[in-house]
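Me: I would like a close look at one part of this model, with some account of its surroundings. Please keep the description plain.

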2 protein chains.
Amino acid sequence: MSNKKRKTYEEINDILYPKSIAVVGTNNVIGSVPYDIFENILHDRFKGILYPVSPSEKNVSSIKSYKYVVDIEDDVDMAILVFPSSVAHLAMEQIGKKGIKSMVIISAGFKEVGAKGLEKEKKIKEIADKYGISFIGPNCLGIINTDPKCHLNASFARAMPEEGNIAFISQSGALCTAVLDYADARHIGFSKFISFGNKADVDEIDLLYYLKDDPKTKVILMYLEEVTNGKALMEVAKKVIAETGKPILAIKSGKTAEGASAAASHTGSLAGSDEIIDAAFKQAGIIRCNNLEEMFDYAKAFAYQSLPKSKNIAIITNAGGPGVLATDRAINSGLSLGKFEEGTTKILKKSLPAAANIKNPVDVIGDARADRYNIAISAAIKDKNIDGINVILTPQSMTDIEAIAKDIVKVVGQSDKPIYTSFMGDTDVAAGIDILQKNNVPHYVLPENMVKSMAATFKFNKRLKEISEFEIKQFSDVDKEKATKILDEAIAKNKTYLPEEEAVKVLEAYNFPVLPNGLANSKEEAGKIADNIKYPVVMKIISSDIIHKFDIGGVILNIKNRNEAENAYEQILKNVKKVMPEAVIKGVFVQKMVGEGQEVILGLKKDNSFGSVIMFGLGGIFVEIFKDVDFKVAPISVKEVNDMIQSIRSYPILMGARGSEKRDIKSLKETIQRLSQLAIDCPQIKELDINPLIVRNEGKGCFVADTKIML
Amino acid sequence: MSNKKRKTYEEINDILYPKSIAVVGTNNVIGSVPYDIFENILHDRFKGILYPVSPSEKNVSSIKSYKYVVDIEDDVDMAILVFPSSVAHLAMEQIGKKGIKSMVIISAGFKEVGAKGLEKEKKIKEIADKYGISFIGPNCLGIINTDPKCHLNASFARAMPEEGNIAFISQSGALCTAVLDYADARHIGFSKFISFGNKADVDEIDLLYYLKDDPKTKVILMYLEEVTNGKALMEVAKKVIAETGKPILAIKSGKTAEGASAAASHTGSLAGSDEIIDAAFKQAGIIRCNNLEEMFDYAKAFAYQSLPKSKNIAIITNAGGPGVLATDRAINSGLSLGKFEEGTTKILKKSLPAAANIKNPVDVIGDARADRYNIAISAAIKDKNIDGINVILTPQSMTDIEAIAKDIVKVVGQSDKPIYTSFMGDTDVAAGIDILQKNNVPHYVLPENMVKSMAATFKFNKRLKEISEFEIKQFSDVDKEKATKILDEAIAKNKTYLPEEEAVKVLEAYNFPVLPNGLANSKEEAGKIADNIKYPVVMKIISSDIIHKFDIGGVILNIKNRNEAENAYEQILKNVKKVMPEAVIKGVFVQKMVGEGQEVILGLKKDNSFGSVIMFGLGGIFVEIFKDVDFKVAPISVKEVNDMIQSIRSYPILMGARGSEKRDIKSLKETIQRLSQLAIDCPQIKELDINPLIVRNEGKGCFVADTKIML
């Protein structure tokens, strides 16, 4: 996690809204990237002045060319670098000298090709820093700004997209061309379209801060291949959503962390990078999409229409089958089909043929024409029990597809209830779909995707309303200094593992419900400690050399009296000496044994990108066989800790399913929150397992029975 | 489950391949169904003779019309009925008298509109039976046969599809128009296209038997709204696949069984109709699709190319991002990326630019033209470690899309390795996609769907090879007569529930591992039985009035000697008398208690459509909280019983995970197979729970500890 200086709004804006541009390294080779970019800027009618810079050409297209950028007689706002990477640094020096502060570096051959390229990338970044230049790239497709004030297509895409309120930012350049083409055919417009490539200077986080304040952008789409600074990404995403309500839709290719070192803790082995991204995006409110189609399905819905106020939707169809499929999907996605008001039912009964289904989902029947659709849609819009409308159409020979599309366009915008459509088929319905798409009515080839998209907008709206609940509890009864000291001292001694009796001290400093304990160095001491903390007790060997103490007879449970305690002390030492005679023994740890309760596992894992991640699940088979755990990035809010506990499938067991007692959820919550605070305060902790935490019956608290800290 | 007489191949073939057709009830009203159908047959150039029958018209289009079908001077092979339902029976009488044996009934207004319609439907079915007529419909869109020998479009679809080797049969008429339109735009051709509507006579099972033997059909698609005879559907599907290797892809809208009565057994409450359909389709080899897009994604792959021989595929792309997304999906779908042979790597290294990724997935880089794609594809085809190739293309400004498409068309068919494509975008790649689709190269807008489709064809191929393993074990040491007698006697007495001591006898007759037991009617008798079967024993009240015997103190466990046994007898009677003084007591059931073992639940539920369904899962929380169960329709083959046990998530627990002992899987398998045989032999059983079945350590067997049978 670097602490890079964030770009200001103005710095990004200067790249996107230049009044003059020098294309440095262009030429007249039609079909080459250096020419295509120049040509695109020129012929897509950039509103400012364009200067070609080319070592060999007198003019590019029909515009007078300059040998060096410093030769340009006027001030230049922005430079686009298209020289090969081998000479990029030379050109950058000149750009810096010219006083240009904004750049897009298209050229490839940097970090993406290996160590040599990385060297070149570092060099250009150094030059940029020296001259105070902000730049996008290298190794990118370029940028597009559809704002008529600027109208800039500084990319080698095939065509400039329509103007719209969706911003798209992408780490992959090649994907951009497919996206532009896909969107163009659907009349999906963009506000800004930015390929940021290797993000050597400006990264996705800078761009998100900018787009947050960009008045032209309502919806933000993002394609990421790696999350370099997850923490900062979550922070900006939360701000975007809380301050502006703009949704962020993201695709992150989910490569499993290959060759991840076999982790020493449960949490380590369960928290794969993709699970963490899932958890983090969810916490930050970023909507993770599985593919481009899903992303644009949702984007259309967010960009064009208001959000559904409740989960109660109506489906109106002229074909039973698709209506059933859409209904199934709606319910599986968390929506429900609203029950019509009496008035609505009356209207439908009066106006639709007898064979029609006047209940929701409404079937206006195969031979329906525009009039029937009109009646049903208008009635549903007026119905107080309905907050979103989904129209399905299949092309029968009598269906007046275009008339129906035009009617839908008319009613959209007359109310704040979203209306989505699915005209099924292809060629026959094409003209109808075109009318819908040109008029910003979300359209979906499959009815299932239509209702799934409405579920996405509904859930986002629900989340917006809950933002006030995202408060984080801070405990004041913690001793950060003490915990830090223990951890730092261990690190100073190059320890990678904290022995239990010290790990327990860290938890005690944070007021975890640690059981009474003590470290014994003789059988008498063991007996005395045990007497003090009362029986039954458990005893465990403490040695930096021994991690799996159970397996070698280093733990004895359920010690009931002084005599047993003293014997146990000797037995443990004997067991250990037999198997690991050279282990350096620090003593035997004596701890109170807690009574019956549900075993729970709490964990913490430090992620390079997102920081500390907290894991929660029930112990034993639940975590090992069912992987029934939940992750959250610390710090965890009050709402999130509730979500966390309730999200696991075995939650009913904590609540007293199957005749068992209800457990002390309140104290469990507090313990998770304390762990979250410890994680934030002490980033030295690499991994931590509390396994088990024994959660007793309601009102009886929970207790740390065993803990492990890795540094 | 009706035992309807199946149609012969000839009966269906006569409907689909008539030499002459009378359209009964047609007219000249352009845009009406009666006219549109006539018009479609005529103008799509039906190869036989067409006769309009209309009470009012002298001619329809320019063809001489007949007042009644009996007026036609020639023999007529097939009649299409388009009269309103109110007069359909009159027309049918005439059709019967004319000696026509094949019909399609387009008219609506039958079963689908309620009780009155159902009456009409019964009437036409009676007339059909009287005259030996086979008919498709009523309430359907019609039929299409693209075979040039016949070339019949007897439907009111907008256009006739291209010829192809895919058959589509659908219960929904309205959906058909969307399907035709969708397929047409993708150059997907059909062999037969049949909307079978209310299936009053010919149903989907008849059609599947026909399509099995139809030489024009290679792939069968099916849309179902209700499965009336699941048993027969499974049977025909198995035959289609085993005898011909034709895949069946099906969409079944998955309405959850609303208002299903609160079931008395675990199995009853867990086996929802959709779970049963999932299980049954899987057993029969039917590939269940989630939506039309997925169905056609798979259909293209099956129809156009050979099946992948192994899971090892190659991905070739000019864009890293989509390559990663496709790789993720491939691995998640059960495919893997083959490791190239040395020779392949050499060729790629030599011929691709340095920045290219020559490992699988191959990245030929954004500026790749046809030559690079060619090199990579050819090398992958020749590689012995690769059995399927997936090509991704994004449209950069220099990409020669059509040339690449043409090259792919050339190599497809030169080997038996399937090649699928994903040209991402829309307008820019349209010409390329058109080349691919016209030449039967499967194309997908999303790379993820491409590899998912390859996973589907691979899995199907794998299953084809396993068909020989689907043998069913038959036990000869069972007494069907005895079991039947117990069940029938209970049914004769109007019992809906079999008391445990009788249920146990049914299981004993099938040689289930039932624990030694006896019924006591006095405390002395209880003591004697317990002495005989050896301690410890359990004792339970037996009364038809008491189902939940545990809750009222009707069960006492762990009885260790004669004295305890006699006391337990009296205590149970006392407990029961207190809560249910009027219960008629049949006695106290004494049963041996088994030692430690894993509790498993076995169940049986009779489904109206599919027959007996067997459930298996681990007891307690596994079934109640995790719903970790699997279903199979009886009879269960040897392979299926293995799949069943291994498919549950808690399977590792049976195998000795977490330090527990490995359980006796062999005896568990045998018990499930015996249950399957009992289910088939005794269809009187409506529901059955064995809960728990205690599975002891390997070699120690399993034991029925409690059982319940509902009639």
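How many residues from chain A and from chain B does the contact take?

Reply: The model is predicted. The contact takes 57 residues from chain A and 57 residues from chain B. On the side of chain A that touches chain B, six helices each supply at least two residues: α5 (173–185), α10 (292–304), α11 (320–332), α15 (427–438), α21 (621–624) and α23 (651–654). The largest share comes from α5(A), with 9 residues. By class, this side of chain A divides into 25 nonpolar, 18 polar and 14 charged residues.

In chain B, helix α10 (residues 292–304) packs against a helix of its own chain, α16 (residues 447–466), where the axes come within 9 Å and cross at roughly 60°. The crossing of α10(B) and α16(B) is right-handed. From α10(B), the residues that make the contact are B:D297, B:Y298, B:A301 and B:F302; from α16(B), they are B:N449, B:S453, B:M454, B:A456 and B:T457. This contact has 5 nonpolar, 3 polar and 1 charged residues.

Back in chain A, the division into domains is as follows: domain 1 (9–256 + 264–298), domain 2 (309–468), domain 3 (517–593) and domain 4 (598–710). Between domain 3 and domain 4 of chain A, the C-alpha centres lie 27 Å apart.

One residue of chain A can be followed in detail. A:L693 lies in strand β28 (residues 687–695) of chain A. A:L693 counts as buried because it has 27 C-beta neighbours inside 10 Å, where 20 or more are needed. Leaving aside neighbours within four places in sequence, the contacts of A:L693 are A:V600, A:L602, A:T671, A:C702, A:V704 and A:A705. A:L618 is 75 residues away from A:L693 along the chain, and their C-alpha atoms are separated by 9.2 Å.

Terms used. Residues are numbered from 1 along each chain as its sequence is written. Chains are lettered from A and ligands numbered from 1 in the order in which they are written. This is a predicted model: local features need pLDDT of at least 70, side-chain atom pairs count only at pLDDT 80 or more; totals for chains, interfaces and linings use all residues. Domain bounds come from an automatic or database domain assignment. Two residues are in contact if their C-beta atoms, placed from the backbone, lie within 7 Å. Helices (H or I, at least four residues) and strands (E, at least two) are DSSP runs, numbered from the N terminus. Ala, Val, Leu, Ile, Met, Phe, Trp, Tyr, Cys and Pro count as nonpolar, Asp, Glu, Lys and Arg as charged, and the others, Gly among them, as polar. A residue is buried if 20 or more other C-beta atoms lie within 10 Å of its own, exposed if 12 or fewer, and partly exposed in between; C-beta atoms are placed from the backbone. Axes are lines fitted to C-alpha atoms, for helices over the stretch in contact, and angles run from 0 to 180 degrees between N-to-C directions. A crossing is left-handed if the near helix is turned anticlockwise from the far one by less than a right angle, and right-handed if clockwise.
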